[in-house]
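The sequence and the structure come next.

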Amino acid sequence: MKQLITCLLFTIFSIQGMAQERPQIEIQTNYGTMVLELYNETPQHRDNFLKLIEDKVYDSLIFHRVIEDFMIQAGDTESKNAKPGESVGEHDLPYQIPAEISPTIFHKKGSLGAARTNNPERASSSTQFYIVQGKIQNDSLLTHNQNRINTYLQRHFAINDATIKPLYDSLENAREAKDSILVKTLSDKLESQVKSFESFEKYEIPAAHREVYETIGGTPHLDQSYTVFGQVISGLEVVDAIAAVETNEKDRPETDVIILKMRIVPPPIP
């Protein structure tokens, strides 16, 4: 009986240990291969990404938006068919993923983040993602970016506040109706209320995050507004190579940067 109990406990702890392992995925591109790990702290984004990879949704898509010192973006489901110079970036699958924004996960170089529309819930695109290149930050830049973060947070909490949300909804309805005069009136009123809104906790970039931003770099102004759900663990030089390509006025590479294949890396055999 004692041996049986010991065996069962070993099995339970082994399963728990395996559950904590971060799944790894490989992105093969015509500029090289990257390996990323996905965070278990963002389970809905992790599971969605793994399913899309298993379904081969990303194979043959392009990195359609590339901005050096910022990020590289892919995941437009129609981009594999895009003609040279054609505008890309409007397509994904017909659902969103609820935001999984954590104060401990931030936009250091190599971070994998979920793109999104400007929606009040900060819900993520079903398929579009970005990988951070960013740049080295100094104290002045970090202070500037901290102010940007708090401006975004102020707007987010303001438009979701019960006293302001009806105004925001009215503005969205006016936009859908293409009533430009009403849009201007409501926009001015909303912006006035947003700027005076103070019922939220202001964010301060933690010292540990600042140290990373000052050494390897990143894009701190996106913190607390977008979901980060993974990290490049091999192939940062590929991110740099893609970020350096020539792009047009819409940030699409002049020569396609193609995701040849994505795959889930099998876990090591114990």
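## Cavities

Two cavities of 30 Å³ or more are counted in this predicted model. A cavity here is a set of points, on a 1 Å grid over the protein atoms alone, where a 1.4 Å probe fits but cannot get out; lining residues have an atom within 4 Å of a point. Points are joined across faces, edges and corners, and a volume is the space filled by probe spheres set on the points. The largest cavity holds about 70 Å³ of space. Its lining has 13 residues, and Asn-48, Phe-49, Ser-125, Ser-126 and Phe-229 lie nearest the centre. Helix α2 supplies the largest share, three residues. Helices (H or I, at least four residues) and strands (E, at least two) are DSSP runs, numbered from the N terminus. The lining of the largest cavity divides into six nonpolar, seven polar and no charged residues.

Glu-100, Ile-101, Ser-102, Ile-105, Tyr-226, Thr-227 and Val-228 line it. Four of these lining residues are nonpolar, two polar and one charged.

## Basis and overall form

Local features need pLDDT of at least 70 and side-chain atom pairs count only at pLDDT 80 or more, while totals for chains, interfaces and linings use all residues of the predicted model. Residues are numbered from 1 along each chain as its sequence is written, and side-chain values use heavy atoms, with hydrogens and water left out.

The chain has seven helices and 10 strands. Its C-alpha trace spans about 75 × 50 × 40 Å along the principal axes. Of its 270 residues, 46% count as buried. Buried means under 20% relative accessible area, exposed over 50%, and partly exposed in between (1.4 Å probe, protein chains only). Among contacts (heavy atoms within 4.5 Å) with a separation of 6 or more, 73% join residues 24 or more positions apart.

## Aromatic packing

The whole structure contains nine aromatic pairs. Rings of Phe, Tyr and Trp (its six-membered ring) pair if their centres lie within 6.5 Å; planes under 30 degrees apart are stacked, over 60 edge-to-face, and the rest tilted. Phe-49 and Phe-129 form an edge-to-face pair, 5.5 Å centre to centre with 80° between the planes. Phe-49 lies in helix α2 and Phe-129 in strand β8 (residues 129-132), so the pair ties together parts 80 residues apart in sequence. Phe-49 is buried at 2% relative accessibility. Phe-129 is buried too, at 0%.

Phe-129 also pairs edge-to-face with Phe-63, at 6.1 Å and 85°. Phe-63 sits in strand β3 (residues 63-67), so this pair links parts 66 residues apart in sequence. Both Phe-63 and Phe-129 are buried. One aromatic cluster takes in Phe-49, Tyr-58, Phe-63, Phe-129 and Phe-229.

## Ser-126

Ser-126 lies in the loop between β7 (124-125) and β8. It is buried, at 1% relative accessible area. Beyond four places in sequence, Ser-126 contacts Asn-48, Leu-52, Tyr-58, Asp-92, Leu-93, Tyr-95 and Ile-97. Its side chain reaches the backbone oxygen of Leu-93 at 2.8 Å.

His-107 is in the loop between β5 (96-97) and β6 (111-114). It is buried, with a relative accessible area of 1%. Its side chain makes a polar contact with the side chain of Asp-223 at 2.8 Å. A polar contact is a pair of N or O atoms within 3.5 Å; within protein, one must be able to donate a hydrogen and the other to accept it, and residues adjacent in sequence count only if both atoms are side-chain atoms. His-107 also touches residues including Tyr-130, Tyr-213 and Tyr-226.

Gln-224 occupies the loop between α6 (207-215) and β9 (228-234). It is buried, at 12%. A polar atom of its side chain lies 3.2 Å from the backbone oxygen of Ser-102. Its contacts beyond four places in sequence include Ile-101, Ser-102 and Ile-105, and these three residues are among those lining the second largest cavity.

Terms used
1 Å grid on protein atoms, 1.4 Å probe; cavity = no way out; pocket = protein on both sides within 12 Å on 5 of 7 lines; lining within 4 Å. Nonpolar A, V, L, I, M, F, W, Y, C, P; charged D, E, K, R; others polar.
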